[in-house]
Amino acid sequence: MNTRIKTSDYKMPAKVAEYVDGRIATLAKLLGADADTTRCEVELGRASGKKHSDHQWFAEIQIKRPGEKALVARNNESTINAAIDNARNEMRAQLLKVKTVRTNKVRKDAAKAKRLLRS
């Protein structure tokens, strides 16, 4: 998976870059064979207009696969690591939903073909 990390109003330390890479690697497992052609864009930084709020850090993950609609997960939290974790969890849920829908469609189509062959 091709991963790109962008920061906004934030100078990212090496520890955070490693943390992001580790978290994104878990998403690559859900993509399966599509992982080679998939692009993942991660944006990290401080949320604008929330300088004094508890949820001042944001993380946004976009997964773009050829021929499919892009999936986007965004989260604001009090720490950058918490924002990354929550955005990853949201993206994981979206990927699992897409995978389930695909599997159900394949099974339905196979059952329909089987019924047609029987009759």
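## Reading a predicted fold, one feature at a time

Me: Okay, back to Tyr19. Where does Tyr19 lie, and what separation do the C-alpha atoms of Tyr19 and Asn81 have?

Reply: Tyr19 belongs to helix 1, residues 14-31. Helices (H or I, at least four residues) and strands (E, at least two) are DSSP runs, numbered from the N terminus. Along the chain Tyr19 and Asn81 are 62 residues apart, yet 7.9 Å separates their C-alpha atoms.

Me: Is Tyr19 buried, exposed or partly exposed?

Reply: Go by relative accessible area: buried is under 20%, exposed is over 50%, and partly exposed is in between (1.4 Å probe, protein chains only). Tyr19 has 23% relative accessibility, so it counts as partly exposed. Across the protein, buried residues make up 29% of the 119 residues.

Me: How many helices and strands are there, and in what order do they run?

Reply: The protein has two helices and four strands. From the N terminus on, the order is β-α-β-β-β-α.

Me: Show me a residue in strand 3. What does Ala59 contact?

Reply: Ala59 is found in strand 3 and counts as buried because its relative accessibility is 1%. Leaving aside neighbours within four places in sequence, its contacts include Glu43, Leu44, Ala73, Ile84 and Ala87. Ala59 and Ala73 are 14 residues apart in sequence, with 8.2 Å from C-alpha to C-alpha.

Me: And Glu60: why does Glu60 count as buried?

Reply: Glu60 also lies in strand 3, and it counts as buried because its relative accessibility is 14%. A polar contact is a pair of N or O atoms within 3.5 Å; within protein, one must be able to donate a hydrogen and the other to accept it, and residues adjacent in sequence count only if both atoms are side-chain atoms. The Glu60 side chain makes one with the side chain of Gln62, at 3.0 Å. Not counting residues up to four places away in sequence, Glu60 touches Glu41, Val42, Glu43, Val72, Ala73 and Arg74.

Me: What about loops? Where is Gln56 found?

Reply: Gln56 sits in the loop between strand 2 (39-46) and strand 3 (57-64). Gln56 counts as buried because its relative accessibility is 18%. Its side chain joins that of Arg46 through a polar contact of 3.2 Å.

Me: Which loop holds Asp9, and what is its phi?

Reply: Asp9 is in the loop between strand 1 (2-8) and helix 1. Asp9 is not a glycine, but its phi is positive, about 55 degrees. Asp9 counts as exposed because its relative accessibility is 58%.

Me: Last one: what box do the C-alpha atoms fill?

Reply: Taken along the principal axes, the box is roughly 70 × 25 × 20 Å. The radius of gyration is taken over C-alpha atoms, and the globule rule is 2.2 Å times the number of residues to the power 0.38. A compact globule of 119 residues would come out near 14 Å, but the protein has 18 Å.

Conventions: Residues are numbered from 1 along each chain as its sequence is written. This is a predicted model: local features need pLDDT of at least 70, side-chain atom pairs count only at pLDDT 80 or more; totals for chains, interfaces and linings use all residues. Side-chain values use heavy atoms; hydrogens and water are left out. Contact means heavy atoms within 4.5 Å.
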